[in-house]
Amino acid sequence: MPVKEKFAITDVRIPLKRRKTLDSAKVEDIAYDMLENGQTTPIRLRTDKGGGFILVEGYHRLEALRAIGESEVEGYLVHAQLH
């Protein structure tokens with residue numbers, strides 16, 4: 001079972017394909033919720049070969065935290081699955 005950890009937002013890389021899916025209205029809604037309730041759902045990351053981490057799940061949550069000035073994100077480190 002994955003263990004929840006804190007990661008520096010600056011250490012998280014977003015894959016190019018994921019960047020095209022960002023919905024700014026959704027980020028704004030999540031940011032307002034996080035101001036009230038904090039981060040309730042951790043993101044998922046995998047280790048990057050070159051150092052740092054690659055986002056697997058939780059792009060809007062990550063950007064909402066960035067928008068409200070947070071420097072860390074709660075997440076789970078997971079292993080990449082090959083299909």
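## A buried glutamine

Gln 39 has a relative accessibility of 17%, and because buried means under 20%, Gln 39 counts as buried. The model in which this residue is described is a predicted one.

## The surroundings of Gln 39

The side chain of Gln 39 takes part in two approaches to backbone oxygens, described here in turn. It reaches the backbone oxygen of Thr 41 at 3.2 Å, while a polar atom of the Gln 39 side chain lies 2.9 Å from the backbone oxygen of Glu 74.

When residues up to four places away in sequence are left out of the count, Gln 39 touches Met 34, Leu 65, Val 73 and Glu 74.

## The protein as a whole

The protein contains three helices and five strands, which follow one another from the N terminus in the order β-β-α-α-β-β-α-β. Of its 83 residues, 31% count as buried, and among contacts between residues at least 6 apart in sequence, 79% join residues that are at least 24 apart.

The radius of gyration of the protein is 12 Å, which agrees with the value near 12 Å that a compact globule of 83 residues would have. Its C-alpha atoms fill a box of roughly 35 × 30 × 20 Å along the principal axes.

Technical notes. Residues numbered from 1 in each chain as written. Predicted model: local features only at pLDDT ≥ 70, side-chain atom pairs only at ≥ 80, totals over all residues. Heavy atoms only, no water. Helix = DSSP H or I, 4+ residues; strand = E, 2+ residues; numbered from the N terminus. Rg over C-alpha atoms; globule rule 2.2 N^0.38 Å. Buried < 20%, exposed > 50% of the residue type's maximum accessible area, 1.4 Å probe, protein only. Contact = heavy atoms within 4.5 Å. Polar contact = N/O pair within 3.5 Å; in protein donor to acceptor, adjacent residues only side chain to side chain.
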